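Subject: Structure handover

Hello,

Here is the structure you were expecting, followed by notes on what turned up in it. Please read them alongside the sequence.

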Amino acid sequence: MDTILIVFLLPVFFMLHELEEIIGIRLWMDKNGAALYNRFPRFRQIIRRLDSITTPAFTVIVAEEFILVSFCTFLSAYTGNWIAWYCCLVAFGFHLVVHLFQFLLWRGYIPAIVTSLCCLPYCIWAFWETYKFFTPCEQVGYALIGILFGALNLFVMHKIVGDRLLKRI
């Protein structure tokens, strides 16, 4: 399979997945927020922060992430160095697996599960087609970097957007 096609599909699948979240998260939180607080009291602070984010604010977070994923994709395609793209792929795949666990824990629809199930085969295919670019040790190292960077970026963006929202309230 053509590596460039596999690489350039990452931003497409990323945005497809994020659109489901953008469209559904606010309505879903409005409907299920109280049940979330009751079922998962240990995560009250996280739930409260997620519950406070508006659709436009969430869209800003997604836009920033999309720009990063797209930049890493174009950079990798231009240079032929697949590290940045691979880190994004792993972070995205990890994000999808987290949604699977959320779905299993919630035992019902969450606004991310349909596209998670659609996007996971792409991630598996992309890993399969590109594993030869890195040694197993490099794969693990870059995977850790991708997951850590992705989590840090998500945390920082939620903090920035959340703090700006809280100041307006």
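Beyond its neighbours within four places in sequence, Thr 73 is in contact with Val 7, Phe 8, Leu 10, Pro 11 and Trp 85. Please keep in mind that this is a predicted model. Thr 73 sits in helix 3, which covers residues 55–79, and it counts as buried because its relative accessibility is 0%.

Helix 3 itself has 25 residues and reaches 36 Å from its first C-alpha to its last, close to the 36 Å expected at 1.5 Å a residue. At the start of the helix, a side-chain oxygen of Thr 54 comes to within 3.2 Å of the backbone nitrogen of Ala 57. After helix 3 comes Gly 80, with a positive phi near 80°. The buried residues of helix 3 include Phe 58, Ile 61, Val 62, Glu 65, Val 69, Cys 72, Thr 73 and Ser 76. As background, an α-helix has 3.6 residues a turn, so residues three or four places apart point the same way.

Glu 18 lies in helix 1, residues 3–39, and is buried, at 2% relative accessibility. Leaving out neighbours within four places in sequence, Glu 18 is in contact with Phe 58, Val 62, Glu 65 and His 95. Between Glu 18 and Tyr 109 there are 16 Å in space, C-alpha to C-alpha, and the two are 91 residues apart in sequence.

Ser 116 is another buried polar residue to look at, with a relative accessibility of 0%. Ser 116 is found in helix 5, and its side chain reaches the backbone oxygen of Ala 112 at 2.6 Å. Not counting residues up to four places away in sequence, Ser 116 touches His 17, Glu 20, Leu 96 and His 99.

Next, the cysteines. How many disulfides does the structure hold? It holds zero. Cys 87 is in no disulfide, and the nearest cysteine sulfur, that of Cys 88, is 7.0 Å away. Cys 87 is buried, at 11% relative accessibility. For Cys 123, the closest cysteine sulfur belongs to Cys 119 at 6.8 Å, which is too far for a bond, because a disulfide needs the two sulfur atoms within 2.5 Å. Cys 123 is buried as well, with a relative accessible area of 1%.

Now the aromatic rings, where the count comes to eleven pairs. In one of them, Trp 82 and Phe 133 have ring centres 5.8 Å apart and planes at 20°, so the pair is stacked. Trp 82 lies in the loop between helix 3 and helix 4, and Phe 133 in the loop between helix 5 and helix 6 (136–168), so this pair ties together parts that are 51 residues apart in sequence. Trp 82 is buried at 15% relative accessibility, whereas Phe 133 is partly exposed at 29%. Phe 133 also has Lys 132 over its face, at 5.3 Å from the ring centre.

Tyr 86 and Phe 127 form an edge-to-face pair, 6.0 Å centre to centre with 75° between the planes. This pair also links distant parts of the chain, with Tyr 86 in helix 4 and Phe 127 in helix 5, 41 residues apart. Tyr 86 is buried at 6% relative accessibility, and Phe 127 is partly exposed at 28%. Ring pairs join Tyr 86, Phe 127, Phe 134 and Tyr 142 into a cluster.

Which residue other than glycine has a positive phi near 60°? That residue is Arg 107. In general, most residues other than glycine have a negative phi. Arg 107 is in the loop between helix 4 (83–106) and helix 5 (113–130), and it counts as exposed because its relative accessibility is 70%.

Those are the notes.

Regards

Key: Residues numbered from 1 in each chain as written. Heavy atoms only, no water. Buried < 20%, exposed > 50% of the residue type's maximum accessible area, 1.4 Å probe, protein only. Helix = DSSP H or I, 4+ residues; strand = E, 2+ residues; numbered from the N terminus. Contact = heavy atoms within 4.5 Å. Expected span 1.5 Å × (residues − 1). Polar contact = N/O pair within 3.5 Å; in protein donor to acceptor, adjacent residues only side chain to side chain. Phe/Tyr/Trp six-rings, centres within 6.5 Å; stacked < 30°, edge-to-face > 60°. Lys NZ or Arg CZ within 6 Å of the ring centre and 35° of its normal.
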